[in-house]
Amino acid sequence: MAALVRSFNESQTSYEVVMRPAGDPSSSPDLPIFLNALEAGNPPDIIGLEGRHIADLAAAKALTPLDEDEPDIGYAQTDYLPPFSQLGVYRGQRYGLPISADVVTLYINLSSTRGTRFHGGTVPGNLEEFDRGLRELQSAGKTGLIPTYPGWWPHAWVWFFNGTWFDKQGHFIPDHPANVRAYAWVASLKQLWNLKDFQEPINPIGSRDPDPFLSGEVAMVFEGDWIVRRLMQRPTLNWLPQPFPTMDGRPAALIEADLLSIPAGADQVEGAKWFIGYATRPASIMEIALGHQKILPLQHWPQRFMAKHPNPNISAFRDILMQAELFHDPQVPGWMHTLARIKKAFKEIWSGEETAQQALRAIRDDPGKPRVEKG
């Protein structure tokens, strides 16, 4: 991004973009710092956000709406895949444009699945067939998949079971029958392998030595792009990404994105729009993706991008995006607080303290906080 800022500054003389930290790599950004700056009347002109932040901040009127038809924004010239484009929209209005993308999906250690139904990275699209394969791995003395390893997305399991967190009226329905089935299945995997480790709800890749997936002790992980760099540091390790199976047989994956937005009350709105238009050109997005060793949130992946990309399996990621059903976090106000409640239920289910039905019903009865507020 720093290189992109320098390029923009050198390309024109009307504006100079100055980068400043707004948190740390794990907070992305620190929202209280941003909201305090907003309340004090001193917001930045541009802010980088994650897709899950958009609805809360838009509902709190902390962001400036973007006009997709405005030439400076240049939205029409960037052929976003629709699911990624939608991450910047709240209630029909755009508040952010993606510049960097991630797909959270199944990673397979091909050495660990040799001689099984998953040989060569083959994964059945149907979840029941996938589950039978996991149980065959267990019978062969192998560990197939651990939901808490790494465990960063405990809310995603319901989507593979045709579940949902909200009904059509926007009401929170955590104990939807499909959600209960999803978490009952998650709990069954702990029993299947009689896990003594991985008791915590999050167990990051690389936190154990040797790492179970990288060493082949665990055959698969549900993970995002943070693992790719580790995999590329082990050129002798054979691996492959695949979409996750579902109950209806159409494989799926979870998508995330980093977006650029303009805060409400920004001083240099026109300059901010100009820079966002520059940063979201396909050439700029490709530059960022190559620097991050990431995927593109675009429909068209140029051959020169594929040829320059250091990830040997980059084409498999493109196939996932083009063929799988792509889920993303719900774009509703209060989602971050709701997600904390879901994580609480997941922890109780995984620990065995409560059944899936009990834990999910309990968070339905807890109204929680509706949204992020200014100040």
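The model is predicted, so local features need pLDDT of at least 70 and side-chain atom pairs count only at pLDDT 80 or more, while totals for chains, interfaces and linings use all residues. Residues are numbered from 1 along each chain as its sequence is written, and side-chain values use heavy atoms, with hydrogens and water left out.

**Exercise 1.** Determine which residues of helix α2 are buried and where they pack.

Solution. Begin with the boundaries: helices are DSSP runs of H or I with at least four residues, strands are runs of E with at least two, and both are numbered from the N terminus; α2 covers residues 31–39. Next, apply the burial cut-offs (buried is under 20% relative accessible area, exposed over 50%, partly exposed in between, with a 1.4 Å probe and protein chains only), by which Leu31, Phe34, Leu35 and Leu38 are the buried residues of α2. Because these buried residues fall within an arc of 95° when seen down the axis of α2 (taken from the directions from the helix axis to the C-beta atoms), they line one face of the helix. On the other side of α2, Pro32 and Ile33 are exposed. Finally, the buried residues of α2 pack against β1 (47–50) and α3 (54–59), where contact means heavy atoms within 4.5 Å.

**Exercise 2.** Describe the secondary structure and burial of the protein chain.

Solution. The protein chain holds 14 helices and nine strands. Of its 375 residues, 52% count as buried. Among contacts between residues at least 6 apart in sequence, 74% join residues at least 24 apart.
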